[in-house]
Amino acid sequence: MTDQIAQLPRLSRVAHAAHCKRCLSGALLLLFDLAAGLSDRRRCIKAINRLLIVFLRTLRLTVGSLSNNRLALAFYCIGSLDLLGVLDEHIPGSDRDEWRAWLWEQQTRGKYGSGFRPSPFMTGERQSNNDLPADYTDYDTPHIIMTYTALLSLAILRDDFSRLDRPGLLKFLRACQRSDGSFSTVPGSNESDLRTLYCAFAISSMLNDWSGVDVPRAVSFIATCRTYEGGYGQSPFCEAQGGTTYIAVASLSLASAGAGRVDYTMTPSERQVTISWLLRNQDSSGGFCGRTGKDADACYCFWCGAALQILGAGELVDSDKLAAFLARCQFKYGGISKAPGENPDPYHTYLSLAALSMYTPSIHKAGDNMESWKFKPLDPLLNAREDTASWIREHVPAKLA
Amino acid sequence: MPKKPQYDEPLFAELPEWADVKPVEQYEGVNPVAPIFYTPEYTDATNYFRAIVQSGEKSARVLDLTENIIRQNPAHYSAWQYRYETLIALLPTPTPSSHPLLTAEVELMDELAVLFLKTYQVWHHRRLLVQITREPQRELAFIKKGLEADSKNYHTWSYRQWILGFFGGKGSISKDGDEEIDEDLWASELDFVDVLLANDVRNNSAWHHRFFVVWACGVREGEEDRDRVLKRELIYSKQSISLAPSNPSAWNYLRGILTHTHTPFPLVSTFAQAYAYPRDPQASDKQREIVDLENPLPSDTAELPCAEAMEFLADAWESEGGQDKIEAAVKMWTSLANERDVMRKKYWEHRIRDAHVALRGELKKKAA
């Protein structure tokens with residue numbers, strides 16, 4: 001009960017922006033810039049020890065999953081700065097040009113059409129030294145999740161999308177769709193689940209062109225992922241999970257809004273069960289868990305929270321408790337972690353800020369710190385700030401001749 | 001012991017058997033966004049991998065190289081893909097499931113699945129392999145061990161459901177290309193779930209699996225009498241609830257089977273009622289001694305009322321309709337909103353508003 005009275009601390013916006021900036025410019029800087037900021041020597045050594053641990057973990061991640069996920073990492077960093085409204089302040093125009101140039105360099109062409117690869121991790125130095133980049137090989141194709149991420153990142157950077165190969169992108173979507181309606185991560189791979197389907201739908205919606213996907217077939221795949229709990233699993237027969245439920249709900253809504261005036265959304269009774277399941281995932285900590293009975297995790301504050309917004313039930317969430325949970329997930333030197341006391345990372349930082357963009361705590365709860373908790377509105381369907389989403393709607397579709 | 005990349009292990013650049021390959025450095029181009037610091041070992045191995053992919057070589061040493069990369073970065077999907085294709089190129093067709101190369105690969109995957117439990121690629125590679133070995137029973141035994149260590153791992157569970165659906169579900173294809181469902185695969189699934197739920201009755205993954213086995217993926221041999229199955233499952237979930245009343249997983253399962261079989265919720269109202277109110281100190285011992293298998297009572301130590309039971313009962317009443325039932329449901333929701341589940345206060349208030357609107361509509365209809 002004390003939690004209800006206790007005022008929210010400040011949301012450390014500056015520190016969170018710095019965390020994302022550090023991740024963008026390389027993890028090594030983390031150590032030095034923090035050590036420099038601490039005057040008291042003993043505190044400094046303690047902090048450095050703690051950071052060394054964080055740093056070593058980052059490094060392990062670095063060598064591991066991030067190398068072919070660099071684009072996703074960049075998106076969470078750039079996206080966080082955008083949500084915090086400090087992109088202009090932190091990133092001078094020349095840096096943005098460099099970022100855009102790097103992102104466009106990931107758009108590759110080949111026999112399956114065009115899209116974006118996660119990074120040049122499979123591209124050899126000699127191959128690309130020519131002026132005209134060669135077609136990709138079967139091991140260096142575009143990646144559907146990365147393509148979605150790249151389009152969002154470019155929109156955040158206010159690119160004009162004049163370099164986007166639209167027909168190539170539609171061809172790429174077609175190459176990724178499988179006979180069961182789902183989409184593979186890269187053409188020909190058997191790695192497919194609801195995540196990739198959402199990316200295909202989001203890209204079609206951004207292009208305002210659904211000719212690259214077989215919507216009814218894809219929608220029937222989504223239906224096979226629904227479970228008795230009211231959520232959706234990652235693949236047919238899998239347990240209901242917050243992230244994939246967001247993806248199913250958002251996909252159905254995107255298709256209903258864009259693909260030929262057919263209503264693909266759920267029936268009223270299905271909707272009721274889904275809303276109730278999503279709301280039950282907010283546990284006594286104030287945060288949302290991803291599955292029934294699991295611990296709360298900052299990222300599910302977005303996934304479940306955004307699904308509820310799309311279903312028109314956002315006003316039923318306890319925003320004050322949500323904010324109180326995320327306040328406890330803040331790392332004192334910047335960044336937000338999945339749960340209190342864990343290490344921060346750009347993924348959880350971005351999704352927490354995105355959740356707060358939909359769920360603002362009350363003035364009663366935030367008091368003097370209210371300003372720090374205010375965000376511009378978010379488009380839950382595309383997972384971007386509303387003005388970024390408008391930019392996408394204006395610039396990504398093909399211009400009528 | 002899992003093998004880790006050792007820093008004193010020679011680089012590929014230092015190995016004479018790789019001297020014929022000219023390594024290909026990674027292209028970086030313009031100023032890289034979010035630079036990644038690679039270790040010398042990773043840079044070395046991927047330089048050789050890029051060279052191999054360019055030349056198209058598919059030989060035994062490529063298996064060493066891709067294993068080395070995967071151990072350093074299990075999410076390197078191109079290394080997995082190329083490894084699979086190399087394996088296929090090295091295996092004879094048709095492939096005997098006992099081929100040493102295949103056996104070695106499966107054993108390696110046993111090790112890597114434990115090391116990199118949460119990596120998608122580990123599991124996808126395994127799916128490809130089992131489609132060659134066609135030994136789903138071995139996989140079920142392997143997964144069982146994995147779940148003993150981490151009983152809620154999503155990847156592990158998904159893989160089990162995929163195995164059962166692929167080899168034991170509708171439209172399964174046998175090795176000879178005939179449609180053939182392997183019913184034996186399912187033989188011990190329910191016992192398996194029972195053991196997991198006996199260890200932890202709140203394990204939602206196990207509850208989900210129970211639903212999958214009993215309801216979602218065809219009808220098992222000997223379970224053709226669905227009324228009997230429903231009765232058995234109702235008793236199972238009620239007894240689980242009586243052991244631990246505030247267990248959303250068990251209540252969700254109960255709701256799930258009622259909805260799936262189009263059984264009205266009020267059929268279970270009597271059961272839920274015993275959990276939806278504070279304990280009645282006046283209740284005579286005699287009353288408590290009557291053992292009703294269909295409606296097991298909460299234990300003496302159970303914390304009552306239980307919010308899940310209150311919610312269930314209110315839903316059951318609402319589904320019955322009529323002024324009395326709706327008012328009873330509203331009373332229940334009010335209690336949830338103000339005392340028992342304050343976190344979802346706004347939701348309960350929303351349910352009350354909706355019910356009032358529906359009731360007014362009903363009354364108007366009657367009046368007209």
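A: Ala355(A) touches Cys301(A), Phe302(A), Gly305(A), Leu322(A) and Leu326(A), leaving aside residues up to four places away in sequence. Two residues are in contact if their C-beta atoms, placed from the backbone, lie within 7 Å.

This is a predicted model, in which local features need pLDDT of at least 70 and side-chain atom pairs count only at pLDDT 80 or more, while totals for chains, interfaces and linings use all residues. Residues are numbered from 1 along each chain as its sequence is written, and chains are lettered from A and ligands numbered from 1 in the order in which they are written.

The largest nonpolar core has 179 residues, and Ala355(A) is among those that touch the most other members, together with Ala200(A), Ile203(A), Leu326(A) and Leu313(B). Apart from it lies another core, of 21 residues, including Ala45(B), Ile70(B), Ala79(B) and Leu112(B). A nonpolar core is a set of buried Ala, Val, Leu, Ile, Met, Phe, Trp, Tyr and Cys residues joined through C-beta atoms within 7 Å. A residue is buried if 20 or more other C-beta atoms lie within 10 Å of its own, exposed if 12 or fewer, and partly exposed in between, with C-beta atoms placed from the backbone.

Burial also marks helix H8 (residues 144-156) of chain A: 13 of its 13 residues are buried, so H8(A) is largely enclosed by the rest of the structure. Helices (H or I, at least four residues) and strands (E, at least two) are DSSP runs, numbered from the N terminus. From first C-alpha to last, H8(A) reaches 19 Å, close to the 18 Å expected at 1.5 Å a residue; the expected span is 1.5 Å times one less than the number of residues. Just after H8(A), Arg158(A) takes a positive phi of about 55°.

A loop residue can be buried too. Ser114(A) lies between strand S1 (107-108) and strand S2 (115-116) of chain A, and is buried, with 20 other C-beta atoms within 10 Å. Among the residues Ser114(A) touches are Pro142(A), Asp165(A) and Phe172(A).

As for chain B, 38% of its 368 residues count as buried. Chain B has 16 helices and zero strands. Its average pLDDT, the predictor's confidence in each residue from 0 to 100, is 90, and 91% of the residues score at least 70. For the complex, the predictor gives an ipTM of 0.92 and a pTM of 0.91.
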